Amino acid sequence: LAINLLEQPDVEVLLIERDRHRMGAGVAYSSTETSHLLNVRAGNMSAFADRPDHFCEWLAARGLGCEAAFVTRATYGRYLRETLRAAMEKYGRRLKLVDDEVLDIEEKRGQVTLGLVNGGLIEADRAVLAIGNLPPHDPPAIEGAHLPSHRYIGDPWASAFEEGLGKEAPVLVVGTGLTAVDVILRLAAHGHEGPITALSRRGLRPHRHIDGLPRPKPVLAKPAPDLSELVRWARGEAKDRDWRLVVDSIRPITQMMWSAADADKRARFLRHLRPFWDVHRHRLAPEVADRIDALVASGQLHFRAGKIAHVAVEPDALAVAWLPRGEAELVTTRAARMINCTGPQGDLLRSSDPLVKRLLGARRIRPDALRLGLDIDRDGHIVDASGRSSEHILAIGPMTRGDLWEVVAVPDIRNQVSALARRLVNAHWTGGEGL
């Protein structure tokens, strides 16, 4: 968003990041693991909506890949950092990087005032919350259990979870999605040879991309009146062509379908269909899928479906009692380390983030109806506890999924930020909202 704003004339941007080592790359693209690949081909990962070849051209200039490649996330992080650095060189003083953390945002007299950890204050015409995903929440059976920190890892992105783990020690991974895949690959890359159990309610794991498929033909009009019938339509279409092409073809309309659905339909989708949507929609690079398949074939990795009932602390392990899906009796799995891989969450009410807690306490923000993230209006302005839209505080990215649903991947986020940058600047020049 900062770079998109700078491409508009007479705009000054302050980009505030509390972890300077992640400036430009964030959590997702700060990984240095060579086994962590993008799950989208390079040809669809440009940072700019109006320059779709920007990333491929960057790769080609460095001999690092091609349009169909699934490059490492570290490479993409380098691309973002270098793009940010190029913007700083091009736009000079109009872009300032602030190595600090925002603890509070107040809105008054047509401006916003941001309070920083170091005690400083920043005044601006607009503030945009681009806080990404919240860390994972503990599963219900674990929440409040105060498990030993060397046994239970609550956030794999905030911990070197492989350190101190015996080479043959059993590991329980809670979750079977993309985060679980990342953790399993990291364990394997660090030489772990012990048994790994990946457990989730349905035991579903992401499917793979297939090389050689033609480009999907976009569906530009609703093929079904609501979300549940859309799923039935997709199943019917998949009988005649690869399901990946069907899922990808409806990407241009998923936000429209979500917006048209009422709260009850959205809730039913999340309750019954979301796990199946996720494993079909968010896929693995073929190389990653091959590695996971090899671990399963070797007997080291097992995917299981079930629900954790309770966890007991033993002298040398955690005893995790869980109920297999469709069964009536509990099974106990002992693990030297249990890692929470349930993935990023959006429930503001369970967040420990200081800024989120402060804004909630001051009633300046509220969760969306389904507690997927921030409640926003159709123009991206945050909505407070009384239902009033802010004039000067906006939000972008995954925390707006309650309104947009499909806004967690780069192709969706770049469209969102491009549109927001133009809207803000155009409103400024026409005498509407300023920057």
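Predicted model: local features only at pLDDT ≥ 70, side-chain atom pairs only at ≥ 80, totals over all residues.

Student: What span is expected of helix 9 at 1.5 Å a residue?

Tutor: The expected span is 18 Å, and the span of helix 9 is close to that value.

Student: Which residues of helix 9 are called buried, and against what do they pack?

Tutor: Pro286, Val288, Ala289, Ile292 and Leu295 are buried, a term for residues under 20% relative accessible area. The buried residues of helix 9 pack against helix 4 (178–189) and strand 10 (301–314).

Student: Why is helix 4 called roughly perpendicular to helix 9?

Tutor: Their axes come within 11 Å and cross at roughly 70°. Angles from 65 to 115 degrees count as roughly perpendicular, and therefore helix 4 is roughly perpendicular to helix 9. The contact joins Val181, Ile184, Leu185 and Ala188 of helix 4 to Val288, Arg291, Ile292 and Leu295 of helix 9. By class, this contact has seven nonpolar, no polar and one charged residues.

Student: What makes helix 7 roughly antiparallel to helix 8?

Tutor: The axes of helix 7 (residues 251–260) and helix 8 (residues 263–281) cross at roughly 165° and come within 14 Å. Angles over 145 degrees count as roughly antiparallel, so helix 7 is roughly antiparallel to helix 8. In their contact, Arg251, Thr254, Trp258 and Ser259 of helix 7 meet Arg266, Phe269, Leu270, Trp277 and Arg281 of helix 8. These residues divide into four nonpolar, two polar and three charged.

Methods: Residues numbered from 1 in each chain as written. Heavy atoms only, no water. Helix = DSSP H or I, 4+ residues; strand = E, 2+ residues; numbered from the N terminus. Expected span 1.5 Å × (residues − 1). Buried < 20%, exposed > 50% of the residue type's maximum accessible area, 1.4 Å probe, protein only. Contact = heavy atoms within 4.5 Å. Axes fitted to C-alpha atoms, helices over the stretch in contact; angles between N-to-C directions. Parallel < 35°, antiparallel > 145°, perpendicular 65-115°, else oblique. Nonpolar A, V, L, I, M, F, W, Y, C, P; charged D, E, K, R; others polar.
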